[in-house]
Amino acid sequence: QVQLVESGGGLVQPGGSLRLSCAASGFTFTNYRVNWYRQALGKERELVAGITNTGGSTNYADSVKGRFTISRDNAKNTVYLQMNSLEPEDTAVYYCNAHYFWTDYWGKGTLVTVSS
């Protein structure tokens, strides 16, 4: 069955780093663009970063540019989100999304808390 499983979330101090992983199975991963979204308490879900199916192109929300890096390893069916210089405003549940034409798959999310 189709699965997207996020991992790597946790509690980190401001200025710290985390690396999130999204492991995919049950579909042809190399066809899919993958995005990271996040949703903070009481706010709408927002797009954080995206990467094309080959990894040749990426995009980022203005709020994370220069701090976050998205990458993928198609041999491992995994996408990563390296998050540096974390701020309290980055606190949210982070979701992995795989998108191909009219098909979207979602993971269940991983919680990132940035607090001292």
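Trainee: How do the residues lining the largest pocket divide into nonpolar, polar and charged?

Mentor: This is a predicted model, in which local features need pLDDT of at least 70 and side-chain atom pairs count only at pLDDT 80 or more, while totals for chains, interfaces and linings use all residues. Residues are numbered from 1 along each chain as its sequence is written, and side-chain values use heavy atoms, with hydrogens and water left out. Rolling a probe the size of a water molecule over the atoms shows where empty space is left. Here the lining comprises two nonpolar, two polar and five charged residues, and Arg-38, Lys-43, Glu-44, Glu-46 and Glu-89 are among its members.

Trainee: How many salt bridges does the structure hold?

Mentor: Side chains of opposite charge can pair when their charged atoms come close. The structure holds five salt bridges (a side-chain nitrogen of Lys or Arg within 4 Å of a carboxyl oxygen of Asp or Glu), one of which joins Arg-38 and Asp-90 at 2.9 Å, N to O. Because Arg-38 lies in strand S4 and Asp-90 in the loop between S8 and S9, this pair ties together parts that are 52 residues apart in sequence (strands are DSSP runs of E, at least two residues, numbered from the N terminus).

Trainee: Is Arg-38 buried or exposed?

Mentor: Arg-38 is buried, with a relative accessible area of 6%, and Asp-90 is buried at 1% (buried means under 20%, exposed over 50%, partly exposed in between, with a 1.4 Å probe and protein chains only).

Trainee: Which residues are linked in a network of salt bridges?

Mentor: The network links Arg-38, Glu-46, Arg-67, Glu-87 and Asp-90. Within it, Arg-67 and Glu-87 meet at 3.9 Å, N to O; Arg-67 is buried at 10%, whereas Glu-87 is partly exposed at 34%.

Note on methods
1 Å grid on protein atoms, 1.4 Å probe; cavity = no way out; pocket = protein on both sides within 12 Å on 5 of 7 lines; lining within 4 Å. Nonpolar A, V, L, I, M, F, W, Y, C, P; charged D, E, K, R; others polar. Helix = DSSP H or I, 4+ residues; strand = E, 2+ residues; numbered from the N terminus.
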